[in-house]
Every structure is written in C-alpha cells, then in structure tokens.
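Dear colleague,

I am passing on the structure we talked about, and my notes on it follow below. Please read them with the model open beside you.

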Amino acid sequence: MNDVSRATAGGPARDAPAIAQGRTAGQRTPLIDGVEKVTGRARYTADLPTGETLVGRILRSPIAHGVIRRIDTAAARSIPGVRAVITGEDFAAPYGVIPIARNEWPLARGKVRHRGEPVAAVAAIDETSAEAALAAIVLDIEPLPAYFSAAAARAADAVQLHENKAGNIEREVDQAFGDVDAGFAAADLVRERTFHYAEVAHGQIELNAAVATYEPERDRLTTQSVTQVPYYLHLTLARCLGMDSSQIRVVKPFVGGGFGHRVEPLNFELVTAALARAAGGTVKIELSREDGFLTHRGRPETDIRLKLGMKKSGAITAVDCEIVQRGGAYGGYGLVTILYAGALLHALYKVAAVRYHGYRVYTNTPPCGAMRGHGAVDARHAFESLLDIMAGELGLDPFAARRANLIVPPYRTLNDLQVNSYGIPDCLDWVEQASGWKTRRGKLPRGRGLGLACSHYVSGSAKPVHWSGEPHAVINLKLDFDGGITILTGAADIGQGSSTLLAQVVAEVLSVPLARIRVIAADSALTPKDNGSYSSRVSFMVGNAAIRAAQEMKRVLVTAAAKRLEVHPEDIEWNGDHCRVAGTDRTLDFAGAVDAALVDTGTLTVKGSWSTPPETQGGKFRGAAVGSTAGFSYAAQVVEVVVDEDTGAVAVERVWVAHDCGFAINPLAVEGQVQGAVWMGMGQALSEETQYHEGLPLRPNMLDYRVPTIVESPPIEVKLVESRDPLGPFGAKEASEGALHSFAPALANAICDAIGIRLTDLPASPDRVLEAIQARKRRERLRASIGVSAQPDPERH
C-alpha cells in the first residue's frame, strides 16, 4: 500500500484566505466526475455520438526532409464516397503556440521536415474509401539532407531546416547573474560533469481524436477534441482557417490524460476542422498510437555540461551550465523549454552566481514540446547528481549539503524570481526520518542503496503565452430559483481533479454542501475564457478566481438577506444553509436568501477574476518571464533501490516523498498527483526512451516503449507539507509536477550508493547499468595488470 501522512510548515497565509480545516477545503474528496469514469458513462472524444459522420484520414511523409514538388490528389477525389481532399494549400496561415514561433503548417507546405509529417488528408463515407483515397494520392518530394541529432544539425555544412534560423538554432540563451568566475575562485571544490538524457514521450492512455462539424449555411464550426488548451485551439482554428473567432465553438469532452502532449494545438485538430469545412459536414479523426508518437511533443533529447563550485560547508558559490536540446522539426514550446531549463537553476537553493548557455536545435525528428515538469527535469537530475558527488568528496552527508543552501522567504533570486513560501526544510526533515537515513545509509548490503534529491516547480507561469491584458483566470457563478450554484469555467479538467477543486473552493466560501454545486467546464459558447491546463496553473490561478467569485456571490446573498430581515449586512451571520441576525434568533434559510436575492434581478451571475501580481512576473531581461510564478512548490525525495550486478536490472524498493503544496485543498487528489509524478519520473529514469532510425520511430507503441507497470511500481509514501503561500488559494500551490523532477536524481544517487557507479546517462536501463559495471571491471583488470592497486571510487559516498 501507499502510505500518506500530512504535516504543516510555517504560519498562515498573510494576504490570502487561509483556513486550518474547512468544511470542504482540506477534506479528502472523491473527484466529482469519478462515478462517470469508473462506470464507463464518461464520454471521451472518440465515444461522442455524432450521427452521420465522415471518416478522416491523414497521409504522412515517407521521408524526413524534402521539398514538396507536387501533391496530386486528382485520383483520390474521383473515388466514390470521398467527400473532401485537402493539402497545406487549404490553410490560411501556419501555427504555433508561441506567437513568435509559428512555423508549422497543419499539412506540410513547401517542405516536409520529419518522417510522418502530415502532407494531405481525406474525408470519406467509410474507412475503406478513406484508405483508398490516401493510397491514390501521389507525392513528389525531392529529398534534402536530414539531421537526426543536435550535433549534426549544428554542423557548419548543415542545410537550414527553416530559412530564418541560421545554424538550425531555434533559440540560443546566454545569461549570467552574479560574478561566476569569482564564485569559482572562492570555492573549496570545483567539479564539472556531462550528462545525456534520452527523448521521452507522454504515454497518455487516451488516443488522439477530434470531431468537427461545419454548418455551411451559417459558416459555423464546432470542434470537440482531446485538448488541454481549448482557448489556444480556438485562436489557432480561427487563424489557420481564416475564420472569425465568433463563428467557432470549442468543446472539451472528458480527456484521458495529457501530461503536456496536448498543451498546444495539434495538427490533427486543425486538419479535422478543415476537412469538415471542405466536406460541409461532420468529420472524425482517430489517430493510432503510432500517430501519437509522430505528433509527439515529448521531452527532448538533452545534453548537459554542468560545473559547480562549493565551500567545505556545502554552500554553492557558482553554477555554470550549458544545455543543448534536440527540439525536432518545429518550434512549439521550444524557446520556452530552453529558457525554463536555465531559469529553474534558481529558486530551489540559494546560489551566489549562475551562468547559463542554452541551445534549442531544429532536427528532422518529430517536434518536442512541454512534457510534464516542462524544461527543468533533466537539469535537476544533473544538478542533484553533481551536488551528491561533491558532497561525497567533501565528506558531507547529502542532507547537509542541501541544508547548507536553503532559502529563507520572502526571497528574490538572482534572476528576479519571487519565493514567498518554502517548505523544503520540513520536506528534508521528514524524508530523512521516514527513510531511516541516519541508521540505514551506508549499512545496507551491497547492491542496495539510498539516494536523496530535492526539486521545485512553478504554480503556473506568471505571464501567459498570449499576453492580452486580460485576467489570468475568470470564473462565473450562476444561481437561480432552484438554489443550485453552477460554476462556469474554461479550465480543462484532464484528470487532475481541477473541477472538483473549484467545487470545493466555492462550497467552502459559501459554506454550502458540494451537492449544491455543479461544474460546467471548457465550452467556449458557455464558459469564460481560460488559458488552459499547463504549468500547474489551474489550482493557483483559477482557484483564486473561484474564491473571488464565491465571495461576491456571498456578498450578494448576505445583502439580500439583510434587506429581507431589515438589518444591515454587517449584522448578518452567514452559515450556508441559513443565516441569522447576530445576537438574535431571527433566521433565514438558504432558499429564502436566494428568493430575496432574485427579487428584481432574476438569475444571478457573478464573476471572479485573478491575475499574478507584478512583483511575481520576473525581471526585465530577455526571457525573464519564463520561470516566473506566483508560487513555487517544493519536494524532497529518498529512493531505495536494489541493483542486480549480474544483469544490470534496477528495482525500486520504496520511495519516500515530501511535497510542499502550500495547502492541500483536496488531500486525496494531491496525494494521487504526487504519486503520479513520482511514477512518471520513474519511467524516464529507468526505461523510457524514443529511438529513431533515419527519422523513423523505432518504439511507437506501448509494448516497445517501456513505461513502468504495476509490477515495477514500488510503495510510495507521501507527506504533504503545507507552507501556506500568501498568494495561493487558501495558501495552496502546485501539486502535480514538482515531485517528478527529484525522482531521477534520487534514483541515480541511490544506484551510486548501492554499487559505487555514477550513471550520467538516462534511462538507467539494464544495458546501460551492465555496461557501466563491465567498464569498471575492465578498469580494475587493467590496473591489476600493470600493478596499480584498486582505488576507491570517489563518487561513492
């Protein structure tokens, strides 16, 4: 079983609503859509009843890089049952989630830049006709040199993938904060290491699908899709189809996971809509698992060079980091990803000086994107690994090395990030005690070890992707004659439980039972705009908006009740199911308060909005907005492993993780999110990697792409540390990404503790571990052959 307990760090929030334990907030609450999911009543995109619907299919490029000379669709159009055939020429503009990086067409136009890139699409009355139409399309593509690694794409003689990107560099980042050279000069120990990380994919359960209906009589389009970002999809549909936004409706059904795969508009969504318009009806596209790997948007293959300076006390004096990411064929979130990697070198520990150089490189592989823990997972592994190496050389316990660099909030980092709450001290204390670190580490049998790492993450980006001056989050509440309260939100619940959280927040402020609350989410015809579910923004930002909306609804009800009872509003004591005049026995039940509030106005609709304070939005240098947030979560993690030195197999025996979530509005959901983050980190650390042959994915299925199963999943003990952020809703912060970052380095540190080998490449698959073991044996034999005595490994501590 997974054991869970709770602790509280720090005092109450200073400037935000804070509660010790509410009626609904802070209570373990099953997700409000859980019944539909476990009974099979939940309708996902592919399940939607659509009536007479055409089958959509996409034709993909067979080569990785080339000039499109001709796409002949004449034969396909003549096949009976085919209602539409489209190419890149049928779109008005390219797309991309970042406004300054829109360089991808829904169907390739001019060039193809990776194998499997969509080049044409058809809609037909059935699958047979659609497949026949695809087979009838003739492609004439002139091959160009293709590059499948960042190094090859950066070579001096490499052909440019995009005309305006010299050297195939999407974004180069060069930042320095403090005097880095002086920091190294002042250090007692300076060490440098290089690290390599395989590209990984999201592995979400639900396959990609979209349904689009076009009404030619009204020039209206309705799209239903698996998206995490309905608003961004809405904007992109208008742009790529050349339509007025008012003619478009985007609806998000149930979504079976996302993990970042769906945080930007994807080509199949745009293609489905274009086919529907061309056919003048309804079109559905359902993609295969292989198609999902080609659509991709995973975590990029990454190479890191990291140099740290450290005092004998463990204090970090300087950081010098270079990161190269293989970004794939198009921009996507790439420029943000490479900025995050550098920005989040800060805000976990107090560091004296930091220099960062980052390169995001275009290659002829499927585009990478914003996978869970966006930007900082690989860099955190490198940092925490080198921190352990240096602690060992200085004779410091890993806990002592981290405690030597703790932040005291409020704190402003060198790169202008604001830290208002910081639960790492309590996180460290708990995992140290729970894992038995002091009594067990160094005393376990050979092959068994313990490893520690810390991590952090943002509670939403302080500046949105599309800066319009609008609030970061808006909630509408509707109250009518029946006494039911409807929450209208554009926030996409993708399984993380955001709709439940919003219901708890509103119920808490109004002191009403959850049964009185309904949530309608992510329908652009009904709900207010929301930027979407990414960067762990919903709990913090939309939760705050929900508090404000509920406070306004409460004000309206109290005012109406006071008028009915002929007293001043400040004389009313509000208890949810009823209110009373203070100091008397005069009461009015909830229904009476509602009746009073509806007089002269009818249905009540109130709004709450929230935006990040300016002081949390980062500095003024280029790229400063990336990494800025209104609240950082924190985590510490100890992993216990057993390593089989005959096979190289690594088994995770147990995980202890303490996560500072500020305040757990729904502890049940938070625990699940933390455990999910740990489990996803375990996949990247142990087994997951995409591989390509000449740009062709070699593992585009869930049999060969190895995610952990229940067999490999260890007990995960979770401690929820509550540091009460002053800006968070009831003090709450991010809960679903921060713990992911610390698993991989804790695992690597545990492997080193178990067998004395430091792995600098991930995943730690059996072949890599066994090769490292055999390489050590070869070194030992060589030493013995030349008469040199074996030396202890300085990295084993």
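**Salt bridges**

Asp416 and Arg412 are joined through their side chains in a salt bridge, with 3.5 Å from N to O; the term is used here for a side-chain nitrogen of Lys or Arg within 4 Å of a carboxyl oxygen of Asp or Glu. The model is a predicted one, in which local features need pLDDT of at least 70 and side-chain atom pairs count only at pLDDT 80 or more, while totals for chains, interfaces and linings use all residues. Residues are numbered from 1 along each chain as its sequence is written, and side-chain values use heavy atoms, with hydrogens and water left out.

Asp416 is partly exposed, with a relative accessible area of 27%, and Arg412 is partly exposed as well, at 34%. In these notes buried means under 20% relative accessible area, exposed means over 50%, and partly exposed is what lies in between, computed with a 1.4 Å probe on protein chains only.

A salt bridge also links the side chains of Glu653 and Arg448, with 3.7 Å from N to O. Glu653 belongs to strand β28 (residues 650-660) and Arg448 to strand β19 (residues 448-458), so the pair ties together parts that are 205 residues apart in sequence. Helices (H or I, at least four residues) and strands (E, at least two) are DSSP runs, numbered from the N terminus. Glu653 is partly exposed, with a relative accessible area of 34%, and Arg448 is partly exposed at 26%.

Arg537 and Asp530 form a salt bridge with 2.7 Å from N to O, and here both Arg537 and Asp530 are buried. A network of salt bridges links Asp181, Glu192, Arg305, Asp320 and Arg355. By the rule given above, the count comes to 44 salt bridges.

**The two domains**

The chain is divided into domain 1 (1-19 + 406-463 + 613-763) and domain 2 (465-611), with bounds that come from an automatic or database domain assignment. Their centres, taken over C-alpha atoms, are separated by 33 Å. The contact takes 26 residues from domain 1 and 23 residues from domain 2, where contact means heavy atoms within 4.5 Å.

About 1700 Å² is buried between domain 1 and domain 2, and carbon and sulfur atoms give 64% of this area; buried area is the accessible area (1.4 Å probe) that two parts lose on being put together, summed over both. On the domain 1 side, Ile665, Pro729 and Phe730 lose the most area to domain 2, together 27% of what that side buries. How many salt bridges cross the interface of domain 1 and domain 2? The rule finds 0 there.

**A sheet and its helix**

An open sheet of 6 strands, with mixed pairing, has the order β8-β16-β15-β14-β9-β32; two strands pair if DSSP finds at least two bridges between them. The edges are held by β8 (169-177) and β32 (761-762), each with a single partner strand, so one side of each is left without a neighbour in the sheet. Strand β9 (residues 189-197) runs parallel to β32 and is joined to that strand by 2 bridges, and Tyr197 has Leu762 as its bridge partner in β32. Helix α10 (residues 377-393) packs on the sheet and touches β9, β14 (301-310), β15 (316-328) and β32, its direction making about 35 degrees with that of β14. Axes are lines fitted to C-alpha atoms, for helices over the stretch in contact, and angles run from 0 to 180 degrees between N-to-C directions.

**Backbone points to check**

Helix α18 (residues 738-755) has 18 of its 18 residues buried, so this helix is largely enclosed by the rest of the structure.

The peptide bond from Leu762 to Pro763 is cis, with omega near 10 degrees, and Pro763 has its place in the loop between β32 and α19 (766-785). The peptide bond from Pro409 to Pro410 is also cis, with omega near -5 degrees, and Pro410 is found in the loop between α11 (398-403) and β17 (411-412).

Arg297 is not a glycine, yet has a positive phi of about 70 degrees; Arg297 sits in the loop between α8 (289-295) and β14 and counts as buried at 1% relative accessibility.

With best wishes
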